Amino acid sequence: MPATPHGTKGVETGVGLTALLVAAARAIETHRPDALARDEYAEHFVRAAPACANWPVRPDEVPGGDADPLWGRLGRYFGLRTRVFDDHLQDRAGAGTRQLVLLGAGLDTRAYRLPWPSGSTVFEIDQEPVLAFKQHTLDALSAAPRARRVTIAADLRRDDWPHALLAAGFDPARPTAWLAEGLLLYLPAAAERRLITAVTTLSAPGSSLVYEVKVGVEPAAVRDSPLYTAARERIGVDLLALFDPDPRPDSATTLTHQGWHTTTHTPFDHTHHLNTPLHPQPQDPLSTNRWITTHQPPADTVTPLPGR
């Protein structure tokens, strides 16, 4: 049975509603025979929030299937992003990282659905209403995390979230896998710069960060695309209004200058080896998305600075 509506204020508006959009996409992906990622909890979040109780959570509930710009194309995109970021985090765990931080965790259930090695801790940072709604829904399902899970109610647009993370038991001397999935698109540029600085300060050698950004300015033809129009008119999610309009910082270059090893991919770089039908289209909003993977070298390979 789905959880009863509880604490949905702050979840059903603004960026909180985008977390439900991603949850619905993950639910649909879960029920595909060729699913790239499976999240058995996703549909329960959708059904627990009155504003999206009628959204589809299975492929056969999507009129037009993959041709639908919202639940087909955008839904496939979120499925692909989930899988690629899952693979990255599992690779880091396999290499020995036991500390994970989800920045803007939203309705992410990686602490519950991925097979974490013994001794792993997953820190989840987001605003209190989102975390409360998520916890209530998971508790109603008697869900149990597969790693030690620590939630931290904080606003990532402010300066104080690193202090809250440290107070919750985060150890900056240990390598960390950081994830900012679908977060930086919504942060003001100054907040993104502060976040990148904080992650660098808190990261021991061997740490990694994976995140998503948009590059350049989308022309009018892209901003008028069916993907954006469908989200706005059918479910009330105005993605363009939520994206921060300020010129974006080049965080990948900043990280490189700070000693991180950085690679940049488009979503479509992953479509062939993961055998997904997501491909570029004319005037495509997804063509400006970039997935950035960056890591610090392990301690035994760090080159000392001159004079040190």
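Good morning. Because the model is predicted, local features need pLDDT of at least 70 and side-chain atom pairs count only at pLDDT 80 or more, while totals for chains, interfaces and linings use all residues. Residues are numbered from 1 along each chain as its sequence is written, and side-chain values use heavy atoms, with hydrogens and water left out.

On a 1 Å grid over the protein atoms alone, a cavity is a set of points where a 1.4 Å probe fits but cannot get out, and lining residues have an atom within 4 Å of a point. Grid points are joined across faces, edges and corners, and a volume is the space filled by probe spheres set on the points. By this rule there are 2 cavities of 30 Å³ or more.

The largest cavity has a volume of about 50 Å³. Its lining consists of L89, R92, A93, T97, R98, Q99, L100, W116, S120, T121 and A177. In what follows, helices (H or I, at least four residues) and strands (E, at least two) are DSSP runs, numbered from the N terminus. Helix α3 (69-94) and strand β1 (99-103) each supply at least two residues of this lining, and α3 gives the most, with 3 residues. For classes, Ala, Val, Leu, Ile, Met, Phe, Trp, Tyr, Cys and Pro count as nonpolar, Asp, Glu, Lys and Arg as charged, and the others, Gly among them, as polar. The lining of the largest cavity then has 5 nonpolar, 4 polar and 2 charged residues.

The second largest cavity has a volume of about 30 Å³. R26, E29, A37, R38, D39, G79 and T82 line the second largest cavity, with α1 (14-30) and α3 each supplying at least two residues. By class, this lining has 1 nonpolar, 2 polar and 4 charged residues.

I turn to open space. A pocket is an open set with protein on both sides within 12 Å along at least five of seven lines. The second largest pocket holds about 560 Å³ of space. Of the 24 residues that line this pocket, K214, G216, D244, D246 and R248 lie nearest its centre. The elements that give two or more residues to the lining are β5 and α11, and β5 gives the most, with 3 residues. By class, the lining of this pocket has 13 nonpolar, 3 polar and 8 charged residues.

The C-alpha atoms of G104 and R248 are separated by 18 Å, although the two are 144 residues apart along the chain. Leaving aside neighbours within four places in sequence, G104 is in contact (heavy atoms within 4.5 Å) with I125, D126, L156 and L183.

Next, helix α7. What span should the 14 residues of helix α7 (residues 189-202) have? The expected span of a helix is 1.5 Å times one less than its number of residues. For α7 this gives 20 Å, and the end C-alpha atoms are 20 Å apart, which agrees. Buried means under 20% relative accessible area, exposed over 50%, and partly exposed in between (1.4 Å probe, protein chains only). The buried residues of α7 are A189, A191, E192, L195, I196, A198, V199, T200 and L202. Their cover includes β1, α6 (161-167), β4 (177-180), β5 (208-214) and α11 (251-257).

Now the cores. A nonpolar core is a set of buried Ala, Val, Leu, Ile, Met, Phe, Trp, Tyr and Cys residues joined through side-chain atoms within 4.5 Å. In the largest core, of 64 residues, L20, L21, W55, W71, L74 and L239 touch the most other members. A second, separate core of 29 residues includes L183, L184, L187 and V213.

L239 lies in helix α10 (residues 239-242). Because its relative accessibility is 7%, L239 counts as buried. Beyond its neighbours within four places in sequence, L239 is in contact with T18, L74, Y186, L227, Y228 and A231. The C-alpha atoms of L239 and Y186, 53 residues apart along the chain, are separated by 9.2 Å.

Finally, the backbone. Most residues other than glycine have a negative phi. N275, however, has a positive phi near 55°, and Q283 has a positive phi of about 50°. N275 is in the loop between β6 (261-265) and β7 (289-295), and Q283 lies in the loop between β6 and β7. N275 is exposed, with a relative accessible area of 66%, whereas Q283 is partly exposed, at 44%.

Thank you.
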